[in-house]
Every structure is written in C-alpha cells, then in structure tokens.
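Open the structure in your viewer and keep the sequence beside it.

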Amino acid sequence: MKLVHRFLFLIVPAVLLVASCQKVDLFEKNVSLKEHRWPSAVKPEISFTITDTTSLYNLFVVLRHTEAYRYNNLWLKIHTIAPGDSTGSPQSLDLQLASNEKGWLGVGMDDIYEHRIRITASAIPLKPGTYRFKLEQIMRDDPLLHILNVGIRVERAPN
C-alpha cells in the first residue's frame, strides 16, 4: 500500500506540472471595484492585442459578485473599439446571472459567484491589432452594490 501512495505522490504532481506547461490560448483581465460598488460613472477599460488572424475567437464578460447582489441580471453597455476604428460601437446586453428555478448560474465559492458569459453568438474572426473595451453598468441602482469585479475574457475557439 505504501508503494501505491509513493507512486501517486510522485506521479500526480508530475502530471499536473506537464498539464500546466501547455499553452493556454486566452486573454482575461478583470478590474476590481472599490468597496464592491459599481457607480455608473466608473467605466472600466480593457484592451488586448490580436496577432493571430487565422483563428476564431469567443468573447466573454467575466463578473464576480457576492450572494447579496439583489438581481437575477445585469444590464451592461459594452463600448468596443476595434483596430482602425476611432469611435467604436456600443452594445447593450442583459446578462442573466440567476434564475428562479436554479438560483445563481455562475460558479460559486462561499458567498462569491463568478460568471463567464459569452457575448458572441458564435466564434468570430478578429482583425490584427489592439481592441479596446469600456464596460458600463446601466442598471437603475447607482452605485450598483455587491459587484466585486468585471472583465473581458477572449478564448481561441477550438478547431
């Protein structure tokens, strides 16, 4: 039995090390909100650069909140400025965070929930260059309470 434990003690870390060395095809940046409050005047900006234009990408909004958040959704306006654009295009989204049947739809630990909500209907091509996103909460509450952070995640779509 001790031999099995030693074997597992040596093999499991080695497997984890090899798995962690694989290249992850993603970008994620989250902006923390002071005192877990999101005033409408605070519009976090996130930018990332795309060099691989042969791949398709999925875009996500990442949101973390406490269990005390009062709503099943979050209205968000995303201002996107693509490479070569000077003005950008705003998009209003109603992000579903919970349902009456299932409760919170995100992943929870203790009283904190994280949501990764895809904002592209399918994988999309991106132009080379720097993309800029500005995230604006457009809920009626100002400030919006119990929001820990908000961000953007970009994943290379599987082939």
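Which backbone oxygen lies 3.3 Å from a polar atom of the side chain of Q137? Select Q137 and D141: the oxygen is that of D141.

A note on the source: this is a predicted model, where local features need pLDDT of at least 70, side-chain atom pairs count only at pLDDT 80 or more, and totals for chains, interfaces and linings use all residues. Residues are numbered from 1 along each chain as its sequence is written, and side-chain values use heavy atoms, with hydrogens and water left out.

Stay on Q137. Its place is in strand 12, residues 129-137 (strands are DSSP runs of E, at least two residues, numbered from the N terminus). Q137 counts as buried because its relative accessibility is 2% (buried means under 20% relative accessible area, exposed over 50%, partly exposed in between, with a 1.4 Å probe and protein chains only). Leaving aside neighbours within four places in sequence, Q137 is in contact with residues including W38, W75 and L144 (contact means heavy atoms within 4.5 Å).

Next, select D142 and P143. The peptide bond between them is cis, with omega near 5°. P143 lies in the loop between strand 12 and strand 13 (144-145).

Move to E35, in the loop between strand 1 (26-32) and strand 2 (37-38). Phi of E35 is near 55°, a positive value in a residue other than glycine. E35 counts as exposed, at 69% relative accessibility.

Key
Helix = DSSP H or I, 4+ residues; strand = E, 2+ residues; numbered from the N terminus. Polar contact = N/O pair within 3.5 Å; in protein donor to acceptor, adjacent residues only side chain to side chain.
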